[in-house]
Amino acid sequence: MFVKKLKRLIYIKLARRLSRSTTGAPVPSIVSENTKVIGNIFSDGIIHIDGSVEGDVSCDELIIGIKGSVFGAVSTNNLQLYGSLKGKALVDNLFVAKSAKLVGDAIHNTIAIEPGAYIDGHCMRQGDPIPAEAPKPDLMLVDKRKNNKSA
């Protein structure tokens, strides 16, 4: 019990120090494992969810941990999904881990899916369509036997 409190205190102090540093490294907002949020979450930074959120989430970057779950719409630039998402996702870059469960539609620019990930819905690319490759000219196979006239 004391060790957990000490770890939490060290993490909070480190996070505060990093947020004041000149590097501008963003400190994520964390919804911890034993936390349930009912309502929408809006942020300009990073959100890490290990608990449960029932509502929409809008942020710059969203990480849904292995034990995390979101029931609602997600709008973010980068989504790393390790847990479960039940709802629509409008993202720029989508990563779906093998431990993830996505139930709903995802609209994305780029997507990476690990083998074993569970997806029940549509994954649709937004933006300009990828140009099709120019068709290669068919090579005409000439059978020399047919062209040779027997004498």
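The chain exposes about 11,100 Å², and carbon and sulfur atoms supply 57% of that area, where accessible areas come from the Shrake-Rupley method with a 1.4 Å probe and, for residues, only the protein chains shown count as cover. Please keep in mind that this is a predicted model, in which local features need pLDDT of at least 70 and side-chain atom pairs count only at pLDDT 80 or more, while totals for chains, interfaces and linings use all residues. Residues are numbered from 1 along each chain as its sequence is written, and side-chain values use heavy atoms, with hydrogens and water left out.

Of the 151 residues of the chain, 25% count as buried, a word that here means under 20% relative accessible area, with exposed meaning over 50% and partly exposed in between (1.4 Å probe, protein chains only). The chain has two helices and 15 strands, which are DSSP runs numbered from the N terminus, helices being H or I with at least four residues and strands being E with at least two. As for contacts, meaning heavy atoms within 4.5 Å, residues 24 or more positions apart account for 2% of those in the chain with a separation of 6 or more.

Ile-30 counts as partly exposed because its relative accessibility is 42%, and together with Tyr-11, Ile-12 and Val-27 it makes a nonpolar surface patch of about 310 Å².

If we leave aside residues up to four places away in sequence, Ser-69 touches Ile-49, Gly-51, Ser-52, Val-53, Ile-64 and Ser-84.

Ala-106 lies in strand β12, residues 106-108, and counts as buried because its relative accessibility is 0%. Its contacts, again not counting residues up to four places away in sequence, are with Ala-89, Leu-94, His-122, Cys-123 and Met-124. Ala-106 and Arg-125 are 19 residues apart in sequence, and their C-alpha atoms are 8.4 Å apart in space.

Finally, a word on a ring and a charge: the charged end of Lys-101 sits over the ring of Tyr-118, 5.4 Å from its centre, where sitting over a ring requires NZ of Lys or CZ of Arg within 6 Å of the ring centre and within 35 degrees of the ring normal.

Technical notes: Patches are made of residues with over 30% relative accessible area and no salt bridge: like charges are joined within 9 Å, nonpolar side chains (Val, Leu, Ile, Met, Phe, Trp, Tyr) within 5 Å. A salt bridge is a side-chain nitrogen of Lys or Arg within 4 Å of a carboxyl oxygen of Asp or Glu.
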